[in-house]
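Here are some notes for a first look at this model. They cover the salt bridges and then the nonpolar cores.

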Amino acid sequence: DMSKVAVVYWSASGNTEVMAGAVAEGAKEKGAETSVLFCSAFSADMVDQYDAIAFGCPAMGAEVLEEAEFEPMFSSCKSKLGGKRVALFGSYGWGTGDWMRSWEEECGDVGINLVCDSVICNEMPDEDGLAACRALGAAVAG
């Protein structure tokens, strides 16, 4: 049966949005039915419609998830992600990627299955970054 993949992201400058598009390409190449959704269009009651979800959010402020829209949406979904294939991605402009390590730990603490290494890109993804995003999409599609 065709797997259903959601790519759920937040982006301000467009870098994480470009990454989301590449993640979706990778999932589609694996034959998955793929939806790309800005985080405000996604909610916990939609989790069950998908086999796999790739979440994308850039580093904000002191290396945290975007707090107005993305973090509340992700927090509301966390408890429902246990049986799903999940992957994380996002861009950063400074620092060392601490926000992604914290996010991965948060997922591990509630038993979320991260199916592949997360992808982080500094600013706008280059060709290697886009290739890594496509590979993440393929991995989450199964």
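1. Is Lys4 buried, partly exposed or exposed? In this predicted model, Lys4 has a relative accessible area of 28%. Buried would need under 20% and exposed over 50%, so Lys4 counts as partly exposed.

2. Lys4 forms a salt bridge with Glu33, at 3.8 Å from N to O. Lys4 belongs to strand S1 and Glu33 to strand S2 (residues 33–38), and the two are 29 residues apart. Glu33 is partly exposed too, with a relative accessibility of 41%.

3. A search of the whole structure gives five salt bridges. One of them joins the side chains of Glu25 and Arg134, with N and O 3.7 Å apart. This pair links helix H1 (residues 15–29), which holds Glu25, to helix H4 (residues 127–141), which holds Arg134, across 109 residues. Glu25 is partly exposed at 40%, and Arg134 is partly exposed at 25%.

4. Glu106 and Lys78 also form a salt bridge, their closest N and O atoms being 2.9 Å apart. Glu106 is in helix H3 and Lys78 in the loop between H2 and S4, so the bridge ties together parts 28 residues apart in sequence.

5. The largest nonpolar core has 28 residues, and Phe42, Phe55, Phe70 and Trp103 have the most contacts inside it. Elements giving two or more residues to this core include strand S3 (52–56), helix H2 (70–77) and helix H3 (98–109). Another core, of 21 residues, lies apart from it and includes Ala24 and Val140.

6. Beyond its neighbours within four places in sequence, Phe42 is in contact with residues including Ala6, Val8, Phe55 and Cys77.

Methods
Residues numbered from 1 in each chain as written. Predicted model: local features only at pLDDT ≥ 70, side-chain atom pairs only at ≥ 80, totals over all residues. Heavy atoms only, no water. Core = buried A, V, L, I, M, F, W, Y, C linked by side-chain atoms within 4.5 Å. Buried < 20%, exposed > 50% of the residue type's maximum accessible area, 1.4 Å probe, protein only. Helix = DSSP H or I, 4+ residues; strand = E, 2+ residues; numbered from the N terminus. Contact = heavy atoms within 4.5 Å. Salt bridge = Lys/Arg side-chain N within 4 Å of Asp/Glu carboxyl O.
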